[in-house]
Amino acid sequence: MYTILLVDDEKRMLDLLELYLTPNGYRCVKCESGVAAIRYLENNKADLVLLDVMMPEMDGWETCKQIREFSNVPIIMVTARDATTDVVQGLKIGADDYITKPFDESELLARIEAVLRRSVGKQTKLEFHGLVWDEAQHKVQYAGHDIFLTPKEFAILGLFLKHPNRVFSREQLIVTLWGYNANTEERTIDSHVKNIREKLRQAGFPIDQFLQTVWGVGYKWEA
(Lines give C-alpha, C1' and ligand atoms only; values in the text may rest on other atoms or scores of the structure.)
Protein backbone atom coordinates (compact mmCIF):
# COMPACT_ATOMS: atom_id res chain seq x y z
CA MET A 1 0.00 0.00 0.00
CA TYR A 2 1.37 3.41 -1.00
CA THR A 3 1.56 6.16 1.62
CA ILE A 4 0.65 9.65 0.44
CA LEU A 5 1.50 12.69 2.53
CA LEU A 6 -1.24 15.33 2.20
CA VAL A 7 -0.12 18.88 2.98
CA ASP A 8 -2.72 21.66 3.15
CA ASP A 9 -3.60 24.29 5.74
CA GLU A 10 -7.33 23.65 5.18
CA LYS A 11 -8.60 20.66 7.16
CA ARG A 12 -11.60 20.38 4.83
CA MET A 13 -9.33 19.87 1.83
CA LEU A 14 -7.26 17.29 3.68
CA ASP A 15 -10.41 15.36 4.55
CA LEU A 16 -11.66 15.57 0.95
CA LEU A 17 -8.38 14.28 -0.46
CA GLU A 18 -8.40 11.42 2.03
CA LEU A 19 -11.97 10.62 0.98
CA TYR A 20 -10.82 10.38 -2.64
CA LEU A 21 -7.68 8.37 -2.02
CA THR A 22 -8.40 5.88 0.77
CA PRO A 23 -10.99 3.83 -1.19
CA ASN A 24 -8.42 3.51 -3.99
CA GLY A 25 -5.92 1.72 -1.78
CA TYR A 26 -3.79 4.61 -0.56
CA ARG A 27 -2.78 5.25 3.05
CA CYS A 28 -3.04 8.97 3.82
CA VAL A 29 -1.04 11.01 6.32
CA LYS A 30 -2.31 14.57 6.84
CA CYS A 31 -0.19 17.62 7.70
CA GLU A 32 -1.56 21.14 8.05
CA SER A 33 1.71 22.99 7.40
CA GLY A 34 4.94 22.74 5.47
CA VAL A 35 6.91 22.57 8.70
CA ALA A 36 4.90 19.55 9.87
CA ALA A 37 5.38 17.88 6.48
CA ILE A 38 9.15 18.34 6.58
CA ARG A 39 9.29 17.03 10.14
CA TYR A 40 7.30 13.95 9.10
CA LEU A 41 9.50 13.20 6.08
CA GLU A 42 12.67 13.55 8.12
CA ASN A 43 11.55 10.64 10.27
CA ASN A 44 9.14 8.63 8.11
CA LYS A 45 8.77 7.29 4.58
CA ALA A 46 6.13 8.47 2.10
CA ASP A 47 5.69 7.35 -1.49
CA LEU A 48 4.30 10.68 -2.74
CA VAL A 49 3.49 14.18 -1.45
CA LEU A 50 0.41 16.18 -2.46
CA LEU A 51 1.53 19.69 -1.57
CA ASP A 52 -0.67 22.79 -1.49
CA VAL A 53 1.02 25.99 -2.62
CA MET A 54 -0.96 28.72 -0.86
CA MET A 55 -0.21 28.15 2.82
CA PRO A 56 0.63 30.70 5.55
CA GLU A 57 4.08 30.93 7.17
CA MET A 58 5.77 28.50 4.76
CA ASP A 59 4.22 28.20 1.30
CA GLY A 60 4.38 25.17 -0.96
CA TRP A 61 7.30 26.53 -3.00
CA GLU A 62 9.54 26.85 0.05
CA THR A 63 8.31 23.54 1.46
CA CYS A 64 9.16 21.80 -1.81
CA LYS A 65 12.65 23.34 -1.90
CA GLN A 66 13.39 22.24 1.66
CA ILE A 67 12.11 18.72 1.04
CA ARG A 68 14.38 18.46 -2.00
CA GLU A 69 17.38 19.18 0.20
CA PHE A 70 17.09 15.73 1.77
CA SER A 71 14.50 13.67 -0.15
CA ASN A 72 13.63 12.62 -3.70
CA VAL A 73 10.05 11.69 -2.79
CA PRO A 74 7.69 12.45 -5.72
CA ILE A 75 5.79 15.75 -5.22
CA ILE A 76 2.60 16.94 -6.90
CA MET A 77 1.80 20.61 -6.29
CA VAL A 78 -1.89 21.34 -5.66
CA THR A 79 -3.13 24.92 -5.98
CA ALA A 80 -5.79 27.24 -7.35
CA ARG A 81 -3.11 29.09 -9.32
CA ASP A 82 -2.68 27.87 -12.88
CA ALA A 83 -0.48 30.50 -14.51
CA THR A 84 2.27 29.10 -16.71
CA THR A 85 4.91 30.86 -14.62
CA ASP A 86 3.62 29.08 -11.50
CA VAL A 87 3.76 25.71 -13.24
CA VAL A 88 7.31 26.35 -14.42
CA GLN A 89 8.37 27.56 -10.98
CA GLY A 90 7.03 24.40 -9.35
CA LEU A 91 8.80 22.12 -11.80
CA LYS A 92 12.07 24.04 -11.52
CA ILE A 93 12.24 23.70 -7.75
CA GLY A 94 11.70 19.97 -7.90
CA ALA A 95 7.99 19.19 -8.21
CA ASP A 96 7.10 16.19 -10.37
CA ASP A 97 3.65 17.38 -11.46
CA TYR A 98 1.09 20.12 -10.89
CA ILE A 99 -2.71 20.06 -10.59
CA THR A 100 -5.04 23.02 -10.10
CA LYS A 101 -8.15 23.36 -7.95
CA PRO A 102 -10.91 22.54 -8.52
CA PHE A 103 -9.84 19.20 -9.94
CA ASP A 104 -11.68 16.10 -11.02
CA GLU A 105 -11.17 13.05 -8.82
CA SER A 106 -10.32 10.80 -11.77
CA GLU A 107 -7.69 13.26 -13.03
CA LEU A 108 -6.07 13.46 -9.60
CA LEU A 109 -5.92 9.67 -9.33
CA ALA A 110 -4.50 9.37 -12.84
CA ARG A 111 -1.78 11.93 -12.12
CA ILE A 112 -0.84 10.18 -8.88
CA GLU A 113 -0.65 6.86 -10.70
CA ALA A 114 1.48 8.37 -13.47
CA VAL A 115 3.96 9.92 -11.03
CA LEU A 116 4.18 6.73 -8.97
CA ARG A 117 4.61 4.71 -12.15
CA ARG A 118 7.56 6.89 -13.17
CA SER A 119 9.08 6.59 -9.70
CA VAL A 120 9.04 2.78 -9.89
CA GLY A 121 9.72 2.73 -13.61
CA LYS A 122 13.39 1.96 -13.02
CA GLN A 123 12.29 -1.53 -12.02
CA THR A 124 12.10 -3.06 -15.49
CA LYS A 125 12.07 -6.75 -14.55
CA LEU A 126 9.59 -8.25 -12.12
CA GLU A 127 9.31 -11.83 -10.88
CA PHE A 128 6.28 -13.32 -9.14
CA HIS A 129 5.99 -17.02 -8.29
CA GLY A 130 8.01 -17.98 -11.34
CA LEU A 131 6.28 -15.49 -13.65
CA VAL A 132 8.79 -13.06 -15.19
CA TRP A 133 7.72 -9.70 -16.67
CA ASP A 134 10.64 -8.07 -18.48
CA GLU A 135 9.91 -4.53 -19.66
CA ALA A 136 13.29 -3.99 -21.33
CA GLN A 137 12.82 -7.03 -23.58
CA HIS A 138 9.02 -6.73 -23.68
CA LYS A 139 8.80 -10.38 -22.72
CA VAL A 140 6.73 -12.49 -20.32
CA GLN A 141 7.88 -15.95 -19.29
CA TYR A 142 6.74 -18.70 -16.97
CA ALA A 143 8.79 -21.80 -16.19
CA GLY A 144 11.18 -20.81 -18.98
CA HIS A 145 8.49 -20.59 -21.65
CA ASP A 146 7.47 -17.39 -23.44
CA ILE A 147 3.92 -16.08 -23.08
CA PHE A 148 2.95 -13.89 -26.02
CA LEU A 149 0.88 -10.85 -24.99
CA THR A 150 -0.28 -7.87 -27.00
CA PRO A 151 1.23 -4.47 -26.03
CA LYS A 152 -1.88 -3.52 -24.02
CA GLU A 153 -2.03 -6.90 -22.29
CA PHE A 154 1.66 -6.58 -21.46
CA ALA A 155 1.13 -3.08 -20.03
CA ILE A 156 -1.87 -4.16 -17.93
CA LEU A 157 -0.01 -7.15 -16.48
CA GLY A 158 2.98 -4.93 -15.64
CA LEU A 159 0.73 -2.41 -13.93
CA PHE A 160 -0.78 -5.12 -11.75
CA LEU A 161 2.61 -6.58 -10.86
CA LYS A 162 4.04 -3.17 -9.95
CA HIS A 163 1.04 -2.41 -7.71
CA PRO A 164 0.06 -5.62 -5.91
CA ASN A 165 -3.14 -5.53 -3.84
CA ARG A 166 -4.14 -2.24 -5.45
CA VAL A 167 -7.67 -2.10 -6.87
CA PHE A 168 -7.81 -0.52 -10.33
CA SER A 169 -11.16 0.60 -11.71
CA ARG A 170 -11.77 0.09 -15.40
CA GLU A 171 -11.77 3.88 -15.85
CA GLN A 172 -8.37 4.19 -14.17
CA LEU A 173 -6.92 1.51 -16.43
CA ILE A 174 -8.30 3.26 -19.51
CA VAL A 175 -6.87 6.65 -18.48
CA THR A 176 -3.51 5.10 -17.58
CA LEU A 177 -3.14 3.12 -20.80
CA TRP A 178 -4.97 5.24 -23.39
CA GLY A 179 -4.94 8.76 -21.91
CA TYR A 180 -7.47 11.23 -20.58
CA ASN A 181 -9.41 11.76 -23.81
CA ALA A 182 -9.69 8.14 -24.89
CA ASN A 183 -13.02 6.87 -26.17
CA THR A 184 -12.20 3.31 -25.16
CA GLU A 185 -15.10 1.39 -23.64
CA GLU A 186 -14.81 -0.37 -20.28
CA ARG A 187 -15.59 -3.74 -21.86
CA THR A 188 -12.30 -3.41 -23.76
CA ILE A 189 -10.52 -3.71 -20.41
CA ASP A 190 -12.58 -6.81 -19.60
CA SER A 191 -11.55 -8.33 -22.92
CA HIS A 192 -7.84 -7.68 -22.30
CA VAL A 193 -8.03 -9.13 -18.78
CA LYS A 194 -9.83 -12.20 -20.12
CA ASN A 195 -7.05 -12.72 -22.66
CA ILE A 196 -4.36 -12.32 -20.01
CA ARG A 197 -6.04 -14.92 -17.85
CA GLU A 198 -6.41 -17.40 -20.69
CA LYS A 199 -2.82 -17.03 -21.91
CA LEU A 200 -1.27 -17.37 -18.45
CA ARG A 201 -3.59 -20.25 -17.58
CA GLN A 202 -2.55 -22.09 -20.74
CA ALA A 203 1.10 -21.58 -19.77
CA GLY A 204 0.44 -23.31 -16.44
CA PHE A 205 0.55 -20.21 -14.24
CA PRO A 206 -2.16 -20.25 -11.50
CA ILE A 207 -3.54 -16.90 -12.61
CA ASP A 208 -6.93 -17.32 -10.91
CA GLN A 209 -5.23 -17.21 -7.50
CA PHE A 210 -3.83 -13.77 -8.14
CA LEU A 211 -5.73 -11.75 -10.76
CA GLN A 212 -9.00 -11.03 -8.98
CA THR A 213 -12.18 -9.33 -10.17
CA VAL A 214 -13.50 -6.72 -7.73
CA TRP A 215 -17.16 -6.79 -8.66
CA GLY A 216 -18.62 -3.43 -9.56
CA VAL A 217 -15.20 -1.77 -9.47
CA GLY A 218 -12.45 -3.40 -11.51
CA TYR A 219 -9.47 -5.65 -10.90
CA LYS A 220 -6.53 -6.22 -8.56
CA TRP A 221 -3.48 -8.48 -8.30
CA GLU A 222 -3.66 -10.38 -5.01
CA ALA A 223 -0.17 -10.84 -3.58
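This report describes selected local features of a predicted model.

## Helix 1 and its buried side

Helix 1 spans residues 11–21, and its buried residues are M13, L14, L17, Y20 and L21. These residues lie on the same side of helix 1, because they cover an arc of only 125° around the axis. An α-helix has 3.6 residues a turn, so residues three or four places apart point the same way. The other side of helix 1 carries K11, R12 and L19, which are exposed.

The buried residues of helix 1 have several packing partners. They pack against strand 1 (3–7), strand 2 (27–31), strand 3 and helix 5.

## The annotated residue D52

The UniProt record, an unreviewed entry, gives D52 the annotation "modified residue: 4-aspartylphosphate". In the model, D52 is placed in strand 3, one of the elements against which the buried residues of helix 1 pack.

With a relative accessibility of 4%, D52 counts as buried, because buried means under 20%. When neighbours within four places in sequence are left aside, the contacts of D52 are V7, D8, D9, G60, V78, T79 and K101.

## Backbone features in loops

One of the contacts of D52 is K101, and the peptide bond from K101 to P102 is cis, with omega near -10°. P102 belongs to the loop that runs between strand 5 (97–100) and helix 5 (105–119). Most residues other than glycine have a negative phi, and most peptide bonds are trans.

Two residues in other loops have a positive phi. For E57, which is not a glycine, phi is about 65°; this residue lies in the loop between strand 3 (48–52) and helix 3 (60–68). E57 has a relative accessible area of 86% and is therefore exposed, the cut-off being over 50%. H129, likewise a residue other than glycine, has a positive phi near 50°. Its loop connects strand 6 (125–128) with strand 7 (131–134). H129 is also exposed, with a relative accessible area of 57%.

## Aromatic pairs

Across the whole structure, a search finds 9 aromatic pairs. Among them is the pair of W133 and F154, whose ring centres are 4.7 Å apart; their planes meet at 20°, so the pair is stacked. W133 lies in strand 7 and F154 in helix 6 (residues 151–162), so this pair ties together parts that are 21 residues apart in sequence. Both W133 and F154 are buried.

Y142 and F205 form an edge-to-face pair, with 5.2 Å from centre to centre and 80° between the planes. Because Y142 is in strand 8 (residues 139–142) and F205 is in the loop between helix 8 (186–202) and strand 11 (211–214), the pair ties together parts that are 63 residues apart in sequence. Y142 and F205 are both buried. They also belong to a cluster in which ring pairs link F128, Y142, F205, F210 and W221.

## A charge over a ring

A further feature involves an aromatic ring and a charged side chain. The charged end of R166 sits over the ring of F168, at 5.0 Å from the centre of that ring.

Definitions and conventions: Residues are numbered from 1 along each chain as its sequence is written. This is a predicted model: local features need pLDDT of at least 70, side-chain atom pairs count only at pLDDT 80 or more; totals for chains, interfaces and linings use all residues. Side-chain values use heavy atoms; hydrogens and water are left out. Helices (H or I, at least four residues) and strands (E, at least two) are DSSP runs, numbered from the N terminus. Buried means under 20% relative accessible area, exposed over 50%, partly exposed in between (1.4 Å probe, protein chains only). The arc is that of the directions from the helix axis to the C-beta atoms. Contact means heavy atoms within 4.5 Å. UniProt positions are given in the numbering used here, feature names are shortened, and annotations may be inferred rather than shown by experiment. Rings of Phe, Tyr and Trp (its six-membered ring) pair if their centres lie within 6.5 Å; planes under 30 degrees apart count as stacked, over 60 as edge-to-face and the rest as tilted. A charge sits over a ring if NZ of Lys or CZ of Arg is within 6 Å of the ring centre and within 35 degrees of the ring normal.
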